[in-house]
Amino acid sequence: MAETVRWGILSTGGIAASFTADLLELADAQVVAVGSRGPDSAKRFAERFGIPRAHGSWAELAADEEVDVVYVATPHSAHRVAAGLCLEAGRAVLCEKAFTLNAREAAELVDLARARNAFLMEAMWTYCDPVVRRMTELVRDGAIGEVRVVQADFGLAGPFDAGHRLRDPAQGGGALLDLGVYPVSFAQLLLGEPDDIQARARLTPEGVDENTGILLGWDGGATALLSCSLNADTPQTASVTGTAGRIEFPRGFFHPERFVLHRPGRDPEEFTAQDADAGLSGLHGLRGLQHEAAEVMRCLRAGETESPLVPLDGSLAVMRTLDAVRERIGVRYAADEG
């Protein structure tokens with residue numbers, strides 16, 4: 001793998017634009033192509049960001065031999081098809097979260113990547129964030145003892161009209177896959193796949209969840225209290241409490257600037273993004289989506305087909321939990337019948 005990694009962008013929506021803007025600021029990344037369902041949107045996106053090639057179909061982008069890795073930024077409902085096209089064409093893939101609509105689709109992508117010895121990673125930027133990585137180090141080293149309770153929430157005030165993507169079952173709408181994936185992923189980063197899953201939700205007239213509460217349990221005694229919403233601007237905070245202390249994240253826990261460690265008999269200790277960056281070679285000055293891009297490029301240069309920060313088995317486990325939550329709250333997608 002050359003020093004400069006050549007990226008293709010699949011889809012032209014808001015998250016694709018944000019990721020591309022961040023990529024263009026990385027000296028070792030080059031955005032060489034974009035693909036969309038039609039030529040017009042691809043051309044507009046290419047002109048906006050100065051991308052040399054615009055493809056009028058996903059298949060054309062996947063077949064572009066000058067692309068090393070494709071960032072898949074479609075709605076969840078298209079992840080299986082779009083990422084699969086790219087993997088089959090020999091491209092490495094970074095696929096937006098939620099990884100797919102369900103665990104079956106996720107397993108199909110993982111099996112395809114492993115069979116072809118191709119790189120695949122879910123774009124769970126939280127796992128790549130230096131502040132979160134520093135927190136997991138502290139927890140692993142016993143700074144707060146044994147983890148007993150994880151709390152996290154992610155809600156938006158809305159309202160979203162009936163035609164919005166977040167309320168459209170055909171696009172994997174609902175709070176859970178778009179927002180709840182963050183609290184669930186945060187809890188499973190620390191505790192692994194749960195042994196017990198309970199959930200309650202209010203559904204929209206379209207049949208997707210708009211306000212969901214989740215209780216996860218582990219046989220070792222730990223619990224996680226999680227929530228997501230399309231109609232409530234929740235605090236968007238997280239905390240991890242153990243037998244010897246707790247860690248608190250302020251608003252925006254999924255891309256944090258800091259956290260505070262509380263331990264009995266000691267003053268609170270604040271850990272900032274600057275502190276975390278300083279301990280990770282090559283990441284100083286990066287922000288947000290750049291951290292996941294940097295991890296992808298590190299893996300490609302090292303010849304790794306999976307990221308140790310965002311392992312595929314972990315993404316599969318999260319999808320199994322999301323499936324179980326949907327089963328309990330009564331949300332089904334057409335893809336579940338496949």
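This is a predicted model: local features need pLDDT of at least 70, side-chain atom pairs count only at pLDDT 80 or more; totals for chains, interfaces and linings use all residues.
Two strands count as paired here if DSSP finds at least two bridges between them.

Six strands make up an open, parallel sheet, and their order across it is β3-β2-β1-β4-β5-β6. At the edges stand β3 (53-55) and β6 (120-123); each has a single partner strand, so one side of each is left without a neighbour in the sheet. From one strand to the next, the twist averages 25°. Strand β5 (residues 92-96) pairs with β6 in the parallel sense, over four bridges, and Val93 stands opposite Leu120 in β6.

Is Thr100 buried or exposed? Its relative accessibility is 0%, so Thr100 counts as buried. Its surroundings are worth a look. Setting aside residues up to four places away in sequence, Thr100 touches His76, His79, Arg80, Glu105, Ala106, Leu109, Leu177 and Met319. The side chain of Thr100 also reaches the backbone oxygen of Asn102, at 2.7 Å. For a sense of scale, Thr100 and Gly217 are 117 residues apart in sequence, and their C-alpha atoms are 24 Å apart in space.

Now turn to another sheet. Eight strands form an open sheet with mixed pairing, in the order β8-β9-β10-β7-β11-β12-β13-β14. Its edge strands are β8 (196-203) and β14, each of which pairs on one side only. Neighbouring strands of this sheet are turned against each other by 10° on average, with direction ignored.

Strands β13 and β14 pair in the antiparallel sense over four bridges, and the bridge partner of Arg258 in β14 is Thr272. Arg258 has a side-chain link as well: the side chains of Arg258 and Glu270 meet in a salt bridge, 3.2 Å from N to O. Arg258 lies in strand β13 (residues 258-262) and Glu270 in strand β14 (residues 269-272), so this pair ties together parts that are 12 residues apart in sequence. Arg258 has 33% relative accessibility and therefore counts as partly exposed; Glu270, at 45%, counts as partly exposed.

Helix α7 (residues 130-140) lies across β7 (147-155), β12 (245-249), β13 and β14, and runs at about 20° to β13. In the loop between β12 and β13 you will find Pro256, which counts as buried because its relative accessibility is 4%. Apart from residues up to four places away in sequence, Pro256 touches Asp129, Val131, Val132 and Phe249. Pro256 and Pro183 are 73 residues apart in sequence and 13 Å apart in space, C-alpha to C-alpha.

What about the other charged pairs? The count comes to 25 salt bridges. One of them joins Glu248 and Arg246, whose closest N and O atoms are 2.7 Å apart. Glu248 counts as partly exposed because its relative accessibility is 31%, and Arg246 counts as partly exposed at 33%. Another salt bridge links Asp323 and Arg326, with the closest N and O atoms 3.4 Å apart. Both of these residues lie in helix α11 (residues 312-329), three residues apart, which is about one turn of the helix. Which category does each partner fall into? Asp323, at 21% relative accessibility, counts as partly exposed, whereas Arg326, at 4%, counts as buried. Elsewhere, salt bridges that share partners join Arg53, Asp64 and Glu66 into one network.

Finally, the nonpolar interior. In soluble globular proteins, nonpolar side chains tend to be buried together. In this model, the largest nonpolar core has 120 residues, and Trp7 and Phe186 are those with the most contacts inside it. Which element gives the largest share of this core? That is helix α8 (residues 175-191), which contributes 10 residues.

Notes
Residues are numbered from 1 along each chain as its sequence is written. Side-chain values use heavy atoms; hydrogens and water are left out. Helices (H or I, at least four residues) and strands (E, at least two) are DSSP runs, numbered from the N terminus. Axes are lines fitted to C-alpha atoms, for helices over the stretch in contact, and angles run from 0 to 180 degrees between N-to-C directions. A salt bridge is a side-chain nitrogen of Lys or Arg within 4 Å of a carboxyl oxygen of Asp or Glu. Buried means under 20% relative accessible area, exposed over 50%, partly exposed in between (1.4 Å probe, protein chains only). A nonpolar core is a set of buried Ala, Val, Leu, Ile, Met, Phe, Trp, Tyr and Cys residues joined through side-chain atoms within 4.5 Å. Contact means heavy atoms within 4.5 Å. A polar contact is a pair of N or O atoms within 3.5 Å; within protein, one must be able to donate a hydrogen and the other to accept it, and residues adjacent in sequence count only if both atoms are side-chain atoms.
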